[in-house]
Amino acid sequence: MTLDQLRYFKTLAEVLNYTKAANGLHLSQPALSSAISRLEFEVGAKLFERNRAGKVELTEAGESFYEHVCLALANIDNGIQLAREAERGMLNSTVLIGAIPCVQSAAWSRMVNSFRVESPLHPTYSIRQAHSAELTGQLLRGEIDVAFVSKVGDDSRINYCPCGYQPIVLCVNSHHPWAKLKSIPVEKLRGKSVLTYEDANAAAATVKRSLANSGVDMQDAFLDEMTMAALVQVDRLSMAVFCYSLVVEAIDGIVVIPIEGLGEDARHDVYFAYLKSSQRAVSAAFIEHMLKYLEEHESLLREP
């Protein structure tokens with residue numbers, strides 16, 4: 001099994017088209033097909049199959065193999081960079097950061113900027129915004145260096161450091177009868193129908209656990225706060241319950257109200273996450289800076 005075979009597999013797994021993959025790899029299609037066949041023989045499992053429409057799909061074995069191939073190739077590339085830094089001082093100064101929308105507050109921006117200003121490595125940033133599950137996958141595949149995310153599972157390869165939390169809040173239209181309330185007792189929501197997260201969102205379990213005995217009718221069909229807030233904006237009687245995120249402040253015509261009586265654990269924790277494996281110089285420096293910053297500041301997130 002060669003590195004070339006693994007890179008061929010990764011490319012084909014991502015484009016799911018032999019012609020596109022071969023062109024991108026500057027190979028002939030027969031050469032790519034032959035390399036994949038040899039790889040499947042060495043692995044001892046069929047990694048790709050064609051569906052009835054003739055399109056290429058990963059098998060279940062291929063999907064499992066893909067995650068580990070991505071991490072292996074990322075580790076090798078990282079090792080090459082570490083070796084070059086040690087031998088010749090060749091530095092890649094770009095920090096690859098993943099962040100869920102709620103964490104990108106003024107405090108977060110100040111922290112990121114302080115590293116850029118203070119570090120002698122002259123860092124630059126590439127920032128990706130996505131949901132926690134997607135960013136965790138990118139972190140494990142080596143596509144980003146660090147992530148600001150909710151905890152998805154408890155993978156032993158990742159270090160998680162708390163960097164703030166999102167309280168559970170009620171969102172109503174600015175013309176709703178409750179819009180002028182400073183807070184609302186959870187008992188007042190009994191029997192009310194509210195929009196909330198679908199299970200694919202990491203915050204769904206937090207909201208459902210906190211409201212489990214409240215008698216609230218939870219309509220769990222939405223992936224994020226922005227979607228729910230936008231729906232509340234156009235319907236004076238709609239309500240939503242979600243974990244507070246400053247991104248909803250960009251939407252006019254809504255009001256966010258803290259909910260009383262949910263208990264101290266009615267909050268969704270957000271973490272600064274990074275792999276336990278060796279890091280490039282600039283990534284290691286960013287992690288050190290971030291951990292020190294969090295020692296001196298309680299949270300990067302802002303409450304309503």
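A: At 30% relative accessibility, Leu223 counts as partly exposed (buried is under 20% relative accessible area, exposed over 50%, partly exposed in between, with a 1.4 Å probe and protein chains only). Bear in mind that this is a predicted model, where local features need pLDDT of at least 70, side-chain atom pairs count only at pLDDT 80 or more, and totals for chains, interfaces and linings use all residues. Numbering starts from 1 along each chain as its sequence is written, and side-chain values use heavy atoms, leaving out hydrogens and water.

So where does Leu223 sit? Look in the loop that links strand E9 (217–222) to helix H8 (225–233); helices (H or I, at least four residues) and strands (E, at least two) are DSSP runs, numbered from the N terminus. Leaving aside residues up to four places away in sequence, Leu223 touches His131, Tyr197, Glu198, Ala200 and Asn201, where contact means heavy atoms within 4.5 Å. Go 28 residues along in sequence and you reach Ile251, which lies 17 Å from Leu223, C-alpha to C-alpha.

Ser93 is buried, at 18% relative accessible area. With residues up to four places away in sequence set aside, Ser93 touches Leu121, His122, Pro123, Thr124 and Val282.
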